[in-house]
Amino acid sequence: MVDLKHSAAIVGIHEHVTRYAPDKSELQIQGESVIKALEDAGLTKKDVDGLLTASSSSRNTGLNLADYLDMYPSFVDNTTVGGGSFEFHLAHALNAIVAGRLNCAVITYSSTARSGSVSVGTGGVARFGHPRLEPSPDSFEELYGLTTVGLYAMIAQRHMHLYGTTSEQLAEVAVAVRHHASMNPEALFRNPITVEDVVNSRVISSPLHLPDCCVITDGGGAVVVASAEVARNCRHQPVWVLGAGEAVAHQGAGKRDLMYIAAAQSHKPAFEMSGVTHKDIDMAMIYDSFTITVLETLEDLGFCKKGEGGDFVSGGRLKIGGELPINTDGGGLSSNHPGMRGIFLLMEATRQLRHQFEGTPRQVADCNIALCHGTGGALGSRHSGGTVILGRD
Amino acid sequence: MPEWNKPLPTISGETKPYWDNCRRGRLLIQKCDSCGEYQFYPRGICANCWSNDIQWITSSGKGTVWTFTVTYQNGTPGFAEDVPYVLALVELEEGVRMFTNIVECNPRSVTIGMPVEVTFIQATNQISVPYFKPVG
């Protein structure tokens with residue numbers, strides 16, 4: 001395997017702070033984010049030769065974004081595999097930089113799901129925005145009232161059946177992430193919650209309660225990734241892409257064991273490429289569409305054994321100061337989730353690796369290596385998983 | 001027949017035998033003559049070995065609940081008025097799983113491993129939809 005380490009780095013980030021923007025278009029949010037992320041990097045429009053984006057809206061493509069921003073990129077990637085698309089984008093940018101096809105790219109995303117009243121989790125077939133079903137797989141699935149939360153709840157139900165996982169253990173994930181949100185002034189929900197609060201709240205799709213589910217917001221952002229040569233002259237110290245892996249998982253013609261998710265495959269090349277081990281990971285950004293997503297992802301990334309996720313997420317291990325702090329921005333469960341949240345994982349990992357919060361409780365101490373894992377789609381039907389490992393000098 | 005307000009399947013050449021047989025009260029799955037594997041949902045090639053030697057098999061229509069969720073919130077017309085309803089993956093005796101609803105029972109009585117059998121509800125003159133109900 002070619003040594004890809006220290007070839008590409010995240011050099012600029014910008015998270016659009018809006019959680020509700022009824023007066024803005026998705027392209028405007030992306031445009032504002034791209035400009036600010038380049039400012040953060042100390043770069044300008046003329047430095048950019050790559051554009052990578054994904055959207056839930058079929059019209060919000062790289063083509064339209066290049067038009068809106070009057071850009072003429074020579075590397076374009078519209079890979080759209082759900083919420084984790086941006087971990088795939090970073091991996092693809094790394095490849096292109098190593099191949100000499102790319103010097104500096106912008107990865108960007110936006111959505112106005114909240115102001116558009118999109119029922120991302122519970123809208124049923126309306127989440128596609130059209131009533132006509134494709135012959136397959138829709139016509140064998142959507143007749144039965146699938147919802148996004150339901151497709152994750154089914155996996156949680158079986159996890160409980162096989163391994164004795166409890167609602168209280170799932171709630172531990174929500175509690176830890178809300179604790180982190182309480183330190184993020186931009187987070188949608190900042191009031192601390194308890195395990196009892198979660199398990200005594202309304203059930204959306206059994207066994208998942210309301211706080212087991214991510215929030216719905218507007219929002220967006222941009223990440224600038226650059227070659228080592230460009231990165232050395234940027235404003236911040238580089239956050240290197242040490243390793244990356246991608247995978248998909250699905251029904252497997254009705255026979256695949258759905259209890260193993262894409263992370264079980266995607267983490268292997270990421271760790272192998274990076275040369276780091278699980279013990280080296282100082283913090284992790286784990287896509288938290290639902291609490292079960294986090295629990296299963298941590299198992300299948302190899303942080304604990306299959307079935308032991310319930311114990312692993314308990315007792316404060318996931319909080320800053322614990323053994324593996326996760327989602328230190330408040331995650332999708334409490335801070336923001338415009339529909340495809342993977343780009344925000346890269347941003348918070350970058351902040352932590354820059355030691356941006358030094359001297360405050362939000363900083364993970366001695367943070368040198370971070371892992372991001374994006375999940376897109378639904379665990380109960382088909383989904384993608386992208387793992388990236390990032391590090392500072 | 002009450003008006004059907006849930007989504008209806010779109011039928012293509014490769015899935016037409018499935019829907020034709022649902023109308024006659026038979027649940028069809030596929031078996032590959034080359035590699036011997038069963039598969040669901042139906043398709044024009046064997047997903048395992050990519051051969052075209054696909055045979056339609058009548059399933060026993062019996063299976064067990066592999067996993068499920070009781071849905072309390074779905075804004076889509078046709079489902080909004082059905083909550084709470086049970087969305088499930090049923091594993092057929094032949095070894096393949098399919099999405100369905102568990103009907104004709106209290107949603108809170110459903111458990112993983114529960115034996116179930118297929119039952120059909122006529123949606124239109126052309127289309128009957130397979131569901132599952134507890135055995136016995």
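I count a residue as buried under 20% relative accessible area, as exposed over 50%, and as partly exposed in between, with a 1.4 Å probe and protein chains only. By that cut-off, 49% of the 136 residues of chain B are buried.

**Ground rules**

I note that this is a predicted model, where local features need pLDDT of at least 70, side-chain atom pairs count only at pLDDT 80 or more, and totals for chains, interfaces and linings use all residues. Residues are numbered from 1 along each chain as its sequence is written, chains are lettered from A and ligands numbered from 1 in the order in which they are written, and side-chain values use heavy atoms, without hydrogens and water.

**Chain B**

I looked up the secondary structure next. Helices (H or I, at least four residues) and strands (E, at least two) are DSSP runs, numbered from the N terminus. Chain B has 1 helix and 8 strands. From the N terminus, the order in chain B is α-β-β-β-β-β-β-β-β.

I checked the overall dimensions of chain B. The radius of gyration is taken over C-alpha atoms, and the globule rule is 2.2 Å times the number of residues to the power 0.38. Along the principal axes, the C-alpha atoms of chain B fill a box of roughly 45 × 35 × 25 Å.

I then turned to contacts, meaning heavy atoms within 4.5 Å. Among contacts in chain B between residues at least 6 apart in sequence, 52% join residues at least 24 apart.

For charges, I count Lys and Arg as positive and Asp and Glu as negative, leaving out His and the chain ends. Each charge is placed at NZ of Lys, CZ of Arg, CG of Asp or CD of Glu. Chain B has 11 positive and 13 negative side chains, with the centres of the two sets 3 Å apart.

**Chain A**

I found 12 helices and 11 strands in chain A. Its radius of gyration is 19 Å, close to the 21 Å from the globule rule for 393 residues, so chain A is as compact as a globular protein of that length. The C-alpha box of chain A is roughly 55 × 50 × 40 Å along the principal axes.

Of the 393 residues of chain A, 64% are buried. Among contacts in chain A between residues at least 6 apart in sequence, 75% join residues at least 24 apart. Chain A carries 31 positive and 42 negative side chains, and the centres of these sets lie 1 Å apart.

**Where the chains meet**

How many residues of chain B are in contact with chain A? I read 45 residues of chain B against 42 residues of chain A. Buried area is the accessible area (1.4 Å probe) that two parts lose on being put together, summed over both. Chains B and A bury about 3,500 Å² between them, with 60% of it on carbon and sulfur atoms. In chain B, B:Thr10, B:Gln73 and B:Phe99 lose the most area to chain A, together 20% of what that side buries.

I looked up A:Ala41, which lies in helix α1 (residues 26-41). Is A:Ala41 buried or exposed? A:Ala41 counts as buried, at 0% relative accessibility. Not counting residues up to four places away in sequence, A:Ala41 touches A:Val11, A:Gly12, A:Cys234 and A:Arg235.

A:Cys214 sits in the loop between β6 (208-209) and β7 (219-227). Beyond its neighbours within four places in sequence, A:Cys214 is in contact with A:Asp288, A:Ser289, A:Gly332, A:Leu333 and A:His337.
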